[in-house]
Amino acid sequence: MPLRFLHCSDIHLLSLRGVGPHRFLNKRLTGGVNLMLKRGKHHDGRLFDRLVEHARELAVDRVVITGDLSNLALEQEFEHIADKLAGIGLPVTVIPGNHDAYTRGSVRSRRFEAMLGQFMEGERADNDGQYYPFVQRFEEVALVGVSTAQASLPLYAVGTVGDAQLGRLDAALERLQGEGLTRIVLIHHPVMHGEALRRHDLIDLEAFGQVVARRGAELILHGHEHREIQGTIPGVDAPVPVHGISSATNTSRHPGREAAFCVYRVEGRQIDRDVYRWDGDDFRPASATAAARALG
Ligand SMILES: [Fe+2]
Ligand SMILES: [Fe+2]
């Protein structure tokens with residue numbers, strides 16, 4: 001049975017429902033709220049609602065979201081997001097992004113994992129009790145969820161996988177390879193050199209690349225830059241395709257930055273993809289011949 005899933009990212013759902021004024025005494029949050037209100041002009045949650053309708057119409061097996069579901073990592077946001085995801089009526093996989101670890105408090109209390117853990121259930125066989133990476137297995141396909149989320153200084157949006165998690169990822173990729181599974185790695189930050197803006201990058205990109213070069217993977221999906229990115233990084237037998245997707249709720253009409261999602265069909269080692277982009281009115285297939293477009 002092939003696995004068909006919809007990949008989207010950076011939905012940045014906005015909800016200040018029930019956020020008390022005391023929350024804004026935190027200086028970091030004050031800056032964040034200003035930023036978010038500005039951001040609110042560029043992100044429209046209705047696009048996510050439309051995306052969900054497409055997911056249902058396309059009857060995908062699963063919706064995969066590669067981080068930045070929230071803006072400030074507040075409980076109220078995660079509650080709103082959990083409701084939204086549960087309401088999709090399809091299985092959902094998420095990983096956190098830097099916005100989902102916006103404050104030290106949210107990281108310390110493991111708020112994202114506590115409130116959205118139902119969408120990150122999976123195997124953690126190589127993890128020694130640690131949360132990431134997690135593996136979700138669908139017959140011959142494995143989704144491997146990595147976290148790069150960390151609270152960073154204001155105006156920084158960097159990420160780190162960390163040496164310990166890289167070691168666990170190495171073990172997981174090796175084990176899944178041994179089982180002959182098609183390995184799809186989910187990570188929030190771009191993993192190719194030169195793609196992330198300054199102060200916006202994956203700090204241990206080099207070390208992540210070394211793990212992938214040593215163990216291989218069949219596909220890497222990410223978000224974070226709010227634009228479409230495509231390329232490869234070195235693997236074992238073949239280069240590993242890397243696909244970054246733009247924000248699913250961005251109302252921008254700038255080519256490459258407009259809201260988009262992809263539908264993947266994975267059967268054995270064959271991975272096909274259809275791209276859908278927002279045209280100001282609806283998400284539409286990127287081209288009439290996009291069906292069964294092979295990865296490049
Ligand atoms: Fe984002
Ligand atoms: Fe991000």
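The legends below walk through a few close-up views of this predicted model.

Residues are numbered from 1 along each chain as its sequence is written, while chains are lettered from A and ligands numbered from 1 in the order in which they are written. In this predicted model, local features need pLDDT of at least 70 and side-chain atom pairs count only at pLDDT 80 or more, with totals for chains, interfaces and linings using all residues; side-chain values use heavy atoms, leaving out hydrogens and water.

**View 1. Four residues hold the iron ion (ligand 1).**
Meet D10 (OD), H12 (NE2), D68 (OD) and H226 (NE2), which coordinate the iron ion (ligand 1) at 2.1 to 2.3 Å. Donors here are N, O and S atoms within 2.8 Å of the metal (3.2 Å for Na, K and Ca), and since water is not among the atoms, sites may look incomplete. Along the chain, the donors follow the spacing D-x1-H-x55-D-x157-H. H12 sits in the loop between β1 (3–8) and α1 (27–40) and H226 in the loop between β7 (219–222) and β8 (229–233), so the pair ties together parts that are 214 residues apart in sequence. Helices (H or I, at least four residues) and strands (E, at least two) are DSSP runs, numbered from the N terminus. H12 counts as buried because its relative accessibility is 4%; buried means under 20% relative accessible area, exposed over 50%, and partly exposed in between (1.4 Å probe, protein chains only).

**View 2. D68 coordinates two iron ions.**
The iron ion (ligand 1) and the iron ion (ligand 2) are 3.5 Å apart, and D68 coordinates both.

D170 counts as buried, because its relative accessibility is 10%.

**View 3. Six strands make an open sheet.**
The 6 strands run in the order β4-β5-β6-β7-β9-β8, with mixed pairing. At the edges, β4 (134–138) and β8 each pair on one side only. Two strands pair if DSSP finds at least two bridges between them. Within the sheet, β7 and strand β9 (residues 240–244) pair in the parallel sense over 3 bridges, and the bridge partner of L221 in β9 is H243.
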